[in-house]
Amino acid sequence: MAKISVPLVGFLLFSFLAITVQAGTEYMKYKDPSQPLNKRIRDLMQRMTLEEKIGQMVQLDRTKATPEIMRDYGIGSVLSGGGSVPRPQATPQDWINMVNAYQNGSLSTRLGIPMIYGIDAVHGHNNVYKATIFPHNIGLGATRDPELVKRIGAATALEVRATGINYVFAPCIAVCRDPRWGRCYESYSEDPKVVKEMTEIISGLQGELPKNSRKGVPHVGGKDKVVACAKHFVGDGGTTRGINENNTVIDRHGLLSIHMPGYYDSIIKGVSTVMVSYSSWNGEKMHAHHDLITNFLKGTLRFRGFVISDWQGIDRITDPSHLNYTYSVLAGVQAGIDMVMIPFNHTEFIDILTRLVKNNDIHMSRIDDAVRRILRVKFKLGLFENPMADQSFVGQLGSQAHRDLAREAVRKSLVLLKNGENADDPLIPLPKKASRILVAGSHADNLGNQCGGWTISWQGLSGNNHTVGTTILKGISEAVDQGTEIVFKEDPDFDFVKSNNFSYGIVVVGEPPYAEGEGDNLNMTIPEQGQYAIYKVCANIKCVVVLISGRPLLVLPHLEQVDAFVAAWLPGTEGQGVADVLFGDYGFTGKLPRTWFKTVDQLPMNVGDPNYDPLYPFGFGLTTEPVKQAN
């Protein structure tokens with residue numbers, strides 16, 4: 001056997017290492033999951049150019065992203081804006097194929113940094129056809145059931161994962177102090193204590209925080225979980241007259257005691273991201289508020305995830321929007337925003353931010369802080385190890401288990417405000433066995449109306465052809481005795497109601513779908529068609545009115561005519577939950593998450609205010625016991 005000299009062995013080893021490096025298999029610490037998180041982040045950042053770092057700070061809408069743009073600019077994130085879908089009635093596979101295409105673009109960059117895909121899943125996976133649509137947050141606030149909300153978070157995470165997506169812009173932890181605001185239904189309550197309790201949804205979305213975790217460090221607990229986002233920081237629910245994106249006038253103590261507590265608990269629960277509010281605090285735009293974003297959120301609260309802007313949020317630092325984009329980029333990034341939801345023109349943002357850094361208007365340490373936070377969340381998500389969609393979750397979308405959970409949430413969210421003229425003569429529970437029942441109103445057989453805004457499209461859509469679910473009328477039909485005749489007429493006239501010998505009527509009316517500023521409303525009345533339906537039915541027969549709305553409305557003029565009155569909020573796709581309690585299979589347990597006013601002149605009016613004189617106070621809700629009836 002021939003002998004090999006030591007120098008020859010050294011030469012061969014050196015040659016092997018050189019060839020290995022040239023072949024692209026150099027050991028990269030950031031790609032090694034056995035390495036500590038901070039070492040992985042440090043190793044990756046040391047390799048990154050300024051251009052690659054700024055690319056990570058960009059979030060583009062899917063309509064402007066391509067795999068080539070992801071590759072060429074190293075874009076950090078893609079999102080679907082409200083209603084932005086691969087195609088109408090897209091399947092989970094359609095979503096997965098789209099997300100994976102963008103991801104392949106990201107993985108083909110020099111360093112292979114995966115992108116993160118965000119979507120507004122604010123009451124279930126609400127952009128997606130056939131997804132389970134849960135009650136909007138105002139209804140969940142009425143349940144007073146944090147454990148239920150946690151289960152909804154877990155179910156939502158599974159449905160989001162079914163489409164290959166891993167980041168949701170939820171929960172909204174606004175404290176709505178004026179129901180005239182068009183986003184009031186996205187708020188759990190006017191009471192910060194209720195909002196704090198409902199941050200338990202974060203544990204459902206992201207997973208339970210491991211014991212002994214450091215406060216403020218983001219956490220995502222596995223492939224069946226998603227990155228969550230507490231929004232909108234801060235004071236979005238306190239604007240003057242409830243005008244969307246307006247000015248919140250309040251002292252620092254009020255801001256911290258009313259609007260901030262939800263963020264304390266969200267950060268303790270390991271929330272990964274925080275979205276900044278369009279609104280201002282005492283005249284200063286939140287997207288430019290260095291003291292609150294950097295000093296307070298990142299400093300005092302020790303938040304270690306990343307801060308993201310809202311849609312074109314930095315553009316709106318100026319009025320009109322985008323008036324001086326260089327100033328907006330400077331102000332937003334200097335304030336502490338880490339990822340910018342641009343969402344259309346990435347080259348403009350990248351060019352301006354690059355120039356600002358090279359001119360020393362923005363220090364490199366600010367860019368490094370932003371990128372470090374973004375990478376921390378991506379590593380915590382397991383994105384470097386599992387960047388592509390997991391096909392095993394496809395069957396979770398709209399599953400029966402999730403629909404059953406949504407139905408439970410509907411039952412627990414309903415608030416019974418009136419039940420007969422006195423406790424001795426209740427109308428509810430309604431008898432299942434009756435000769436003939438009238439069901440009337442614009443919202444009785446309209447899935448889009450009962451889901452509200454942020455459903456399939458940004459503003460929501462009226463009608464039954466947009467997604468899959470059960471209308472309240474269908475739920476009633478399934479609940480009553482087989483021998484009971486149900487007559488549905490959306491807008492019956494007096495003679496029809498009088499002449500048909502109805503045992504009783506169920507009138508389901510409310511607001512049309514809306515979102516954000518489109519829903520700002522200064523008069524707060526039930527739409528005229530609904531008012532007429534109440535009058536024509538309830539003036540002639542015993543009736544229960546079910547109000548479908550994102551907030552309390554002006555109902556005092558109608559109460560005398562109405563025998564029973566139910567606030568059903570925006571219940572989502574599982575309308576059987578309404579019938580479950582109307583007919584006594586389950587009892588009413590919901591409590592008002594916000595004050596019900598007598599007149600609009602009283603607004604804003606919140607529990608604890610001086611001269612508090614509501615129609616129904618915060619926390620009010622009549623209860624009923626379940627009854628056994630044959631059907």
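I started with contacts (heavy atoms within 4.5 Å): in the protein chain, residues 24 or more positions apart account for 77% of those with a separation of 6 or more.

A note to myself on the source: this is a predicted model, where local features need pLDDT of at least 70 and side-chain atom pairs count only at pLDDT 80 or more, while totals for chains, interfaces and linings use all residues. Residues are numbered from 1 along each chain as its sequence is written, and side-chain values use heavy atoms, with hydrogens and water left out.

**Overall build**

I looked up the secondary structure next and got 21 helices and 17 strands. These are DSSP runs numbered from the N terminus, helices being H or I with at least four residues and strands E with at least two. The radius of gyration is 27 Å, close to the 25 Å from the globule rule for 631 residues, so the chain is as compact as a globular protein of that length. For the record, that radius is taken over C-alpha atoms, and the rule is 2.2 Å times the number of residues to the power 0.38. Along the principal axes, the C-alpha atoms fill a box of roughly 105 × 60 × 40 Å.

I then checked burial, where buried means under 20% relative accessible area, exposed over 50%, and partly exposed in between (1.4 Å probe, protein chains only). Buried residues come to 61% of the 631.

**Cysteines**

How many disulfides does a search of the whole structure find? I got two, a disulfide being a pair of cysteine sulfur atoms within 2.5 Å.

Cys176 and Cys184 make one, with sulfurs 2.1 Å apart. Their link is left-handed, at -105 degrees about the S-S bond, and both residues are buried.

Cys538 and Cys543 make another, with sulfurs 2.0 Å apart. This link is right-handed, at 105 degrees about the S-S bond, and again both cysteines are buried. In sequence order, the bonded cysteines pair 1-2, 3-4.

Cys172 is buried, at 4% relative accessible area. I checked Cys451 too: the closest cysteine sulfur is in Cys172, 18 Å away, so that is too far for a bond. Cys451 is buried as well, at 1%.

**Helix H20**

Cys538 sent me to helix H20, residues 528-538, whose buried residues are Gly530, Ala533, Ile534, Lys536, Val537 and Cys538. Their cover includes helix H19 (494-499) and strands E13 (436-440), E15 (504-510) and E16 (543-548).
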